[in-house]
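Reader: I have a structure open and would like to go through some of its packing. Can you take me through it?

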Amino acid sequence: MNFCNRYFELPSHFYSQLNAEPLHEAVLLHANQPLLASLSIGLEQEALRQMTSGQTLPPGLSSLAQKYTGHQFGYYNPDLGDGRGLLLGQAIDPKHRLWDLHLKGAGQTPYSRRGDGRAVLRSAIREYLGGEALHALGIPSTRCLSLCHNREAVRRETYEPRAAYIRVAKTHVRFGHFEWLAEHRDLGGMQQLTDYVIDTVYPELRALNPQERYAELLHTILRNTADLIAGWQSVGFCHGVLNTDNMSVAAETFDFGPYAFMDDFKIHHICNHSDTEGRYAYSQQPNIGLWNCQVFAQAYALILDENQRDAILADAINGYVETYNQRYLDKMRAKLGLQTPQPQDRELVADLLMLMDQADIDFQHFFLELATLQTQQAGSWHPLAPASKAWRLWFERYQLRCQLEENPSQIAQTILQHTPRFVLRNYINQEVIEAAEHGDFNLLHRVFDALRAPFEQHPELPQHYYQAPRLASQKGIALSCSS
Ligand code: AMP
Ligand code: MG
């Protein structure tokens, strides 16, 4: 087992060293065995419980709270930082890659402002399951290693059970870290942080000379962010709070509190009911991703060579736009079972989404039914589509488009390879949380296991988990930032 905390190599004003406020008499509710194995962490159950409940850390780890800032809902907030989480350090995996371990719910820090520094079981479960679901769908995300709770009640809208969990990420360096350094025009600090990011997250860039390396890092982060957001759009994932302090420079899904996998397709779906203006609506994510990247790039510009600065920034922003457009179209084309690009694909996808939005069609189910339709005789009607002229015309276009495929017999299979059967809908999260709050953690374990293989059938789960939500109360559940 190999642990360290490389963040201590950075200047001391980057963090506050401190210990967690322990959760007394904490019970370990879940250990992510596949993740523990992939990181080669061989801790005994009791050692993992002690670490997750903020009591004892294994040798090599030592905790700190990071300072950062960021734009929240469009406004700069200079007072941010880890307010209820601590970076414990890094695990070194068998390939010598570093993985940040961060304890969330670890108590107050100098950056807590008025917060209590705690996490509640509800949001801990949501992050625990959400990260695993995204990862299994092939979308980069932070994941959780272990989860514990105790009998303390934490005040939110009501009193809720307290929890703590260890989050694993490629890094906890956020766009907001760079905004903080730019605010103080701390050039030296920014160079040190940039070198740290290259060393710990993008070591392949070390081969380039320093100026190329800095430009290439910006390009890479923006391209990867575009790719990430294309992934979200293609699976109907809404992040909920895309503030710049919730954007990781490793381009992993990060700090996704009130997230949702969409039920009925609604282009402007807002999953966070604190987001009254829809700044972070589903349709806005690609633009907000770009906005966040621009804020990041402006801050990062401090370390770029002045003569090349404008050209590098313009290039990086173009890279975001091109990557997003390309990756999004590739992913949506695959959802339609199509493999060979054709000029009409963009419009075919856009028109389908518009029709789905108007007809309240379940985003996940539509594609499963489309695959079934492919295996039936021509002329059969999609069971979810209304019998309207607009839909008939769309299906005619789609059928003509399918004929352009080199291997039409593979269309159904391609759709199924890109359409999960089991999706972590919010009502499923809700059922897991309610069971857990009543002391039953069995469903948490079963749902966690099933999420790891989302393209398969899981007969061990309640049958209704495979159906699109039927009851209005199960659909489009919105959540607040409160966690
Ligand atoms: P989040 O909405 O989780 O991304 O948090 C935004 C900022 O508020 C971060 O600086 C958090 O550390 C801080 N924060 C959120 N909730 C709490 C809490 N209960 N106690 C202390 N700080 C918090
Ligand atoms: Mg955050």
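Author: Start with one crossing: H4 passes H7 in a left-handed crossing. Keep in mind that this is a predicted model.

Reader: Which residues of H4 and H7 make the contact?

Author: H4 contributes Phe-175, Phe-178, Glu-179 and Ala-182. From H7 come Asn-292, Cys-293, Val-295, Phe-296, Ala-299 and Tyr-300.

Reader: How do the residues of that contact of H4 with H7 divide into nonpolar, polar and charged?

Author: Eight are nonpolar, one is polar and one is charged.

Reader: And the geometry: at what angle do H4 and H7 pack, and how far apart are their axes?

Author: The angle between H4, residues 175–183, and H7, residues 285–300, is about 40°, and the axes are 8 Å apart. That makes H4 oblique to H7, because angles under 35 degrees are what count as roughly parallel.

Reader: Now H5. How do the axes of H4 and H5 cross?

Author: At roughly 160°, coming within 9 Å, with H5 covering residues 187–200. H4 and H5 are therefore roughly antiparallel to each other, since the cut-off for that is over 145 degrees. The crossing of H4 past H5 is left-handed.

Reader: Which residues meet there, between H4 and H5?

Author: On the H4 side, His-177, Phe-178, Leu-181 and Ala-182. They meet Gly-189, Met-190, Leu-193, Thr-194 and Val-197 of H5. This contact of H4 with H5 has six nonpolar residues, three polar and no charged. Phe-178 and Ala-182 of H4 are also listed in the contact with H7.

Reader: Changing topic: how many residues surround ligand 1, and which are the closest?

Author: There are 16 around ligand 1, and the closest are Gly-81, Gly-83, Arg-113, Asp-116 and Gly-117.

Reader: What lies 2.7 Å from an oxygen atom of ligand 1?

Author: A backbone N or O atom of Gly-81. Arg-84 has a polar side-chain atom 3.0 Å from an oxygen atom of ligand 1. For Asp-255, a side-chain N or O atom is 3.4 Å from a ligand 1 oxygen.

Reader: Last pair, H3 and H13. What is the angle between them?

Author: About 130°, with the axes of H3 (residues 121–136) and H13 (residues 426–437) 10 Å apart. H3 and H13 are therefore oblique to each other, and H3 passes H13 in a right-handed crossing.

Reader: Which residues of H3 and H13 meet?

Author: Leu-121, Arg-122, Ile-125, Arg-126 and Leu-129 of H3 meet Asn-426, Asn-429, Val-432, Ile-433, Ala-436 and Glu-437 of H13. The contact of H3 with H13 divides into six nonpolar, two polar and three charged residues.

Definitions and conventions: Residues numbered from 1 in each chain as written. Chains lettered and ligands numbered in written order. Predicted model: local features only at pLDDT ≥ 70, side-chain atom pairs only at ≥ 80, totals over all residues. Heavy atoms only, no water. Axes fitted to C-alpha atoms, helices over the stretch in contact; angles between N-to-C directions. Helix = DSSP H or I, 4+ residues; strand = E, 2+ residues; numbered from the N terminus. Parallel < 35°, antiparallel > 145°, perpendicular 65-115°, else oblique. Left-handed = near helix turned anticlockwise from the far one by under 90°. Contact = heavy atoms within 4.5 Å. Nonpolar A, V, L, I, M, F, W, Y, C, P; charged D, E, K, R; others polar. Near = heavy atom within 4 Å. Polar contact = N/O pair within 3.5 Å; in protein donor to acceptor, adjacent residues only side chain to side chain.
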